[in-house]
Amino acid sequence: MSTAPDPEPRAPKPALVFDDPLDQQSSDDTDRGWGERTQGDAAADLKRFLDEKPPHHL
């Protein structure tokens, strides 16, 4: 008769943090993620513009 192996130990659930979230810098407070790119060419810029253009801007 085979026995089932012991289940793997689970990582403890993260504890609740009651810090003030306004004390921490959010991603909106940085330049990262706002679409700035360090390099690129005109063809890539045009392709990105056309790919991201809303349908009502035809």
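A residue is called exposed when its relative accessible area is over 50%, buried when that value is under 20%, and partly exposed in between. Keep those cut-offs at hand as we walk through this predicted model.

Let's start with the whole chain. The protein chain has one helix and zero strands. Of its 58 residues, 0% are buried. Its accessible surface is about 6500 Å², and carbon and sulfur atoms account for 56% of that area.

Now for the side chains. Searching the whole structure turns up two salt bridges, so let's take each in turn, using the rule that a side-chain nitrogen of Lys or Arg must lie within 4 Å of a carboxyl oxygen of Asp or Glu.

One of them joins K47 to D51, with an N to O distance of 2.8 Å. Both residues belong to helix α1, which covers residues 42-52, and they sit four residues apart, or about one turn of the helix. How accessible are the two partners? K47 has 53% relative accessibility and therefore counts as exposed. D51, at 54% relative accessibility, counts as exposed too.

The salt bridge between R48 and E52 has its closest N and O atoms 3.2 Å apart. Here again the spacing is worth a look: R48 and E52 are four residues apart in helix α1, so about one helical turn separates them. As for accessibility, R48 has a relative accessible area of 31% and is therefore partly exposed, whereas E52 reaches 53% relative accessibility and so counts as exposed.

Notes. Residues numbered from 1 in each chain as written. Predicted model: local features only at pLDDT ≥ 70, side-chain atom pairs only at ≥ 80, totals over all residues. Heavy atoms only, no water. Helix = DSSP H or I, 4+ residues; strand = E, 2+ residues; numbered from the N terminus. Buried < 20%, exposed > 50% of the residue type's maximum accessible area, 1.4 Å probe, protein only. Areas by Shrake-Rupley, 256 points an atom, 1.4 Å probe, with all protein chains shown as cover.
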